[in-house]
Amino acid sequence: MRDEFERIFGAAPTGVWAAPGRVNLIGEHTDYNDGFVLPIALPQAVKVAARVRTDGRLRLYSAQGDDVVTDLSVAELAPGAVTTWAGYPAGVVWALREQGHQVGGADLYFDSDVPSGAGLSSSAALECAVAAVYRDLYELELTAAESALLAQQAENRFAGVPCGVMDQMASACCVEGSALFLDTRDLTQRQVPFPLDAQGLTLLVIDTRVKHDLGDGAYAALRAGCERAAALLGLPALRDLPAAALPDAIAELPAELGPLVRHVVTENGRVGQAVELLERGEYAALGPILTAGHASLRDDFKVSCPEADLAVSAAVAAGALGARMTGGGFGGSVIALTPKESAWPVEQAVTAAFLAAGYAAPNVFAVTAAAGARRLA
Ligand code: ADP
Ligand code: MG
């Protein structure tokens, strides 16, 4: 990366930083309902070599990008002005300045092994990598959570993508070997040990390689549906509905909102159950919670797709302890928890099922709980 940086920008970088992608173990579509999530950071990360520029220019190049250097004026950054991938990193610089940080330009060279657009949050990784660079090079007092909030601002307001806070919190705050139990209302967090390998378990990511176009509009509609249900129930957010009050709430709500509410309330419950099990060391017992979460996303929230459903059913039939779609849905990735010795049979079975159904082979790989954003060199 140092050589490439020098070739492109004509000088050596000051250092190299990294920020990971993530998978969420459980707690899907809960983060915009003030609820609970339990992501891990992936070993796959966006790496960025960087140095400060004093002329107010922000120059960006990605090894996975468009093979041009994007050259921007920091002072002229504005929402909507950058419509390429460069909007994610540039948005972080904009968000820092919006918050009153006196930051200027930089040369940034990105190289990533986070599959892009696979529901593994490559966009949050890009943003969090830039936040880490700026924190260190401009000597800013920023906690990991503050960096995550800036990164979310970049995605929401600069790049114009509505998303909750989970992805950026995972990329910024995760700790190696642990899952991040996060309350998205007040951002209180607890690191929950997740030592899979020592327990004889494997976590597979199954990237279905599909993205169904209904995604973006559907996300906004689901979000609006959840907010309307909370308002009708007189609650600040669906997180505030106790599980015991669920049947009455469903009876009271318009028919189309009941299943949304049931998903959110039961999903928050599953996060709590999962944390309890992990903290008791009952790692394999996480499996059925994953599969129950998938059924809820498929049947109540209706954000799954045939490819993800097939990945889950084929994985479980081949010996996975549990499996679920992860991320927003309509494609993207599935996770499967397997005994170590079943990982390869599960991978083979899922691939065979995809080919038999006429789908392209999925991209399957094992992951562990990795570290959040950090300086590498
Ligand atoms: P996800 O975050 O799940 O991977 P998104 O659609 O939110 O999916 O983000 C993918 C987008 O992020 C890509 O279309 C691209 O604009 C940008 N991106 C991700 N990784 C890179 C990279 N290594 N280089 C350049 N752009 C990237
Ligand atoms: Mg994203």
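# Helix packing and annotated domains in a predicted model

Helix α3 passes helix α5 in a right-handed crossing. The model is predicted. Its mean pLDDT is 97, and 99% of the residues reach 70 or more. For the complex, the predictor gives an ipTM of 0.99 and a pTM of 0.97.

**α3 against α5**

- The axes of α3 and α5 come within 9 Å. They cross at roughly 50 degrees.
- From α3, the contact takes A124, A125, E127 and C128. From α5, it takes D167, Q168, S171 and A172.
- By class, the residues of this α3–α5 contact are four nonpolar, two polar and two charged.

**α2 against α3**

- Helix α2 covers residues 87–98, and helix α3 covers residues 122–137.
- α2 and α3 pack at an angle of about 45 degrees. Their axes are 8 Å apart.
- The two helices α2 and α3 are therefore oblique to each other.
- The crossing of α2 and α3 is right-handed.
- α2 contributes Y88, P89, G91, V92, V93 and L96 to the contact. α3 contributes S123, L126, E127, V130, A131 and Y134.
- Nine residues of the α2–α3 contact are nonpolar, two are polar and one is charged.
- E127 of α3 is listed in the contact with α2 and also in the contact with α5.

**α4 against α5**

- Helix α4 spans residues 144–158, and helix α5 spans residues 166–173.
- The axes of α4 and α5 come within 8 Å and cross at roughly 140 degrees.
- The pair α4 and α5 is therefore oblique. The cut-off for roughly antiparallel is over 145 degrees.
- α4 passes α5 in a right-handed crossing.
- On the α4 side, the contact is made by A144, A145, S147, A148, A151 and Q152. On the α5 side, it is made by Q168, M169, A172 and C173.
- The α4–α5 contact has seven nonpolar residues, three polar residues and no charged ones.
- Q168 and A172 of α5 take part in the contact with α4.

**Domains in the UniProt record**

- The unreviewed UniProt entry lists "domain: Galactokinase N-terminal" at residues 4–51. This span is 12% helix and 52% strand. Its end C-alpha atoms lie 13 Å apart.
- The unreviewed UniProt entry lists "domain: GHMP kinase N-terminal" at residues 89–173. Residues 89–173 are 58% helix and 9% strand. The end C-alpha atoms of this span lie 18 Å apart.
- The unreviewed UniProt entry places "domain: GHMP kinase C-terminal" at residues 274–352. Here the content is 56% helix and 18% strand. The end C-alpha atoms of residues 274–352 lie 30 Å apart.

Key: Residues numbered from 1 in each chain as written. Chains lettered and ligands numbered in written order. Predicted model: local features only at pLDDT ≥ 70, side-chain atom pairs only at ≥ 80, totals over all residues. UniProt positions renumbered as here; feature names shortened; annotations may be inferred. Helix = DSSP H or I, 4+ residues; strand = E, 2+ residues; numbered from the N terminus. pLDDT = per-residue confidence, 0-100. Axes fitted to C-alpha atoms, helices over the stretch in contact; angles between N-to-C directions. Parallel < 35°, antiparallel > 145°, perpendicular 65-115°, else oblique. Left-handed = near helix turned anticlockwise from the far one by under 90°. Contact = placed C-beta atoms within 7 Å. Nonpolar A, V, L, I, M, F, W, Y, C, P; charged D, E, K, R; others polar.
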